Amino acid sequence: MAQFNPVSKHPARALQAWVILVGAAMNRQTLTYEGLSVKMYKKKAVGVLDKILGHIAFYCIEQGLPPLTSIVVGKGRSTPGQDIPLDTKALDGARERVYSYDWYDEYPPTEQELAAAMKAAMAPAELVAVPDAPAKRAKR
């Protein structure tokens, strides 16, 4: 059986984190970044979860799911990191939607789906040519 190991790529680690977060959400738990890293890496792994959780955050946005990453918080601040695409003013409501959602009724995303969501979110906005004017970025 395949296992996650130190050389797994971000989409694979995002799938691993998905499984852990779903279990926590179904038990109405929050996790610290440190606690999640220990579950995933068997040690404190500072600064490695931002892109991994980004895959999940953008997948949830793309699929219209509650923001699963909202239940991962900083140890001292009890809020998600600044890079997580989430309105911190609506954090309590976001977490409640996560806790209320039946995650066990959802098929987990594939590594490819997580990677595609991240890629789409990170793609630069298309340039739109306006006659006789400098190019402008298209709004999404």
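Q: What makes up the order of elements from the N terminus on in this protein?
A: The model is predicted. From the N terminus, the elements run α-β-α-α-β-α-α-β-β. That comes to 5 helices and 4 strands.

Q: Why is Gly-93 called partly exposed?
A: Its relative accessibility is 37%. Buried means under 20%, exposed over 50%, and partly exposed lies in between. The value of 37% falls between these cut-offs, so Gly-93 counts as partly exposed.

Q: Where is Gly-93 found, and what separates its C-alpha atom from that of Pro-66?
A: Gly-93 is found in helix H4. The C-alpha atoms of Gly-93 and Pro-66 are separated by 9.9 Å. Along the chain, the two are 27 residues apart.

Q: How much of the protein counts as buried?
A: The share is 38% of the 140 residues. To count, a residue must have under 20% relative accessible area.

Q: Which residues touch the most other members of the largest nonpolar core?
A: They are Trp-18, Leu-21, Leu-36, Leu-53, Ile-56, Leu-68 and Trp-103, in a core of 30 residues. Helices H1, H2, H3, H4 and H5 each supply at least two residues of this core. The largest share, 9 residues, comes from H1.

Q: What makes a residue a contact of Trp-18, and which residues are in contact with it beyond four places in sequence?
A: Contact means heavy atoms within 4.5 Å. Leaving aside neighbours within four places, Trp-18 is in contact with Ile-56, Tyr-59, Cys-60, Leu-65, Leu-68, Trp-103, Pro-108 and Pro-109.

Technical notes
Residues numbered from 1 in each chain as written. Predicted model: local features only at pLDDT ≥ 70, side-chain atom pairs only at ≥ 80, totals over all residues. Heavy atoms only, no water. Buried < 20%, exposed > 50% of the residue type's maximum accessible area, 1.4 Å probe, protein only. Core = buried A, V, L, I, M, F, W, Y, C linked by side-chain atoms within 4.5 Å.
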